[in-house]
Amino acid sequence: GFYDRFRNRIIFPIRDSHGTCVGFGGRALGGGDEKSAKYINSPQTPIYNKSSIVFNLDNAKNAIKEKDLTIMVEGYMDVISSSQAGVKNVVAISGTALTQDHIRIVKRFSNNIAIAFDADEAGQKASFRGIDLVLGADMNLKAISIPSGKDPDECIQKNPDDWRRATSAPEPFMEYMLNVTLK
């Protein structure tokens, strides 16, 4: 009667802003069932609500305060690769839409946010969907264009210096939106 939800997956502990483990995320390993989701999370519980958990905030909050900037990406591997490349003020929304709770939580550490969602169409649409929430919270919104690859992780694997340069100079969100629209 038992089913291992995370079998054949790399497991990521999901912690709240205090460092308490509240759930797990799992990424499928190569060679698995192609019909299964690439990423899965623990189910919703009273202590794990993915709409109000910001992945890696417990590790990134000091760097966010120091740099006065939260860099928000989509996934676990984007955060881990970024940290390995020396960019520590990065958090993720972990495959869910950006919510009012996410914004409220990160605003405690900085009033400045730079979104670096995937370079594909879905990532760009996600960037556009979240702007009303960020602007409604009276935060300074910027964007980071992924210089190479489809996401921050792939960019960092190709050339970590590209990612470090991109994160050191985020562009005003309206300029980013205009450039994406013109492309």
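Me: How far apart are the mean positions of the positive and negative charges of the protein chain?
Reply: Here Lys and Arg count as positive and Asp and Glu as negative, while His and the chain ends are not counted. Each charge is placed at NZ of Lys, CZ of Arg, CG of Asp or CD of Glu. The chain has 23 positive and 22 negative charges, and the distance between their mean positions is 4 Å.

Me: What kind of model is this?
Reply: Residues are numbered from 1 along each chain as its sequence is written, and side-chain values use heavy atoms, leaving out hydrogens and water. Local features need pLDDT of at least 70, side-chain atom pairs count only at pLDDT 80 or more, and totals for chains, interfaces and linings use all residues, this being a predicted model.

Me: How many helices and strands are in the protein chain?
Reply: Both are DSSP runs numbered from the N terminus: helices are H or I with at least four residues, strands are E with at least two. Counted that way, the protein chain has seven helices and eight strands.

Me: What radius of gyration does the protein chain have?
Reply: The radius is taken over C-alpha atoms, and the globule rule is 2.2 Å times the number of residues to the power 0.38. Along its principal axes, the C-alpha trace spans about 55 × 35 × 30 Å. For 183 residues a compact globule would be near 16 Å, and the chain agrees, with 16 Å.

Me: What share of the residues of the protein chain count as buried?
Reply: Buried means under 20% relative accessible area, exposed over 50%, and partly exposed in between, using a 1.4 Å probe and protein chains only. Of the 183 residues, the buried share is 48%.

Me: Is N8 buried or exposed?
Reply: N8 sits in the segment before β1 (9-15). Its phi is positive, near 60 degrees, and it is a residue other than glycine. With a relative accessible area of 58%, N8 is exposed.

Me: Where does D68 lie?
Reply: D68 is not a glycine, yet has a positive phi of about 55 degrees. Its relative accessibility is 39%, so D68 counts as partly exposed. Its place is the loop between α1 (57-67) and β4 (70-73).

Me: Which side chain does a polar contact join to E171?
Reply: E171 is in strand β8 (residues 171-172) and counts as buried because its relative accessibility is 18%. A polar contact is a pair of N or O atoms within 3.5 Å; within protein, one must be able to donate a hydrogen and the other to accept it, and residues adjacent in sequence count only if both atoms are side-chain atoms. At 2.7 Å, the partner of E171 is S145.

Me: Which residues is N112 in contact with, leaving aside neighbours within four places in sequence?
Reply: N112 lies in strand β6 (residues 112-115) and is buried, at 18% relative accessibility. Its C-alpha is 15 Å from that of K88, 24 residues apart along the chain. Contact means heavy atoms within 4.5 Å, and with those neighbours set aside N112 meets D68, L69, T70, M139 and N140.

Me: How far apart in space are T20 and Q44, C-alpha to C-alpha?
Reply: T20 belongs to the loop between β1 and β2 (21-28), and at 44% relative accessibility is partly exposed. Setting aside neighbours within four places in sequence, T20 contacts I14 and R15. T20 and Q44 are 24 residues apart in sequence, and their C-alpha separation is 16 Å.
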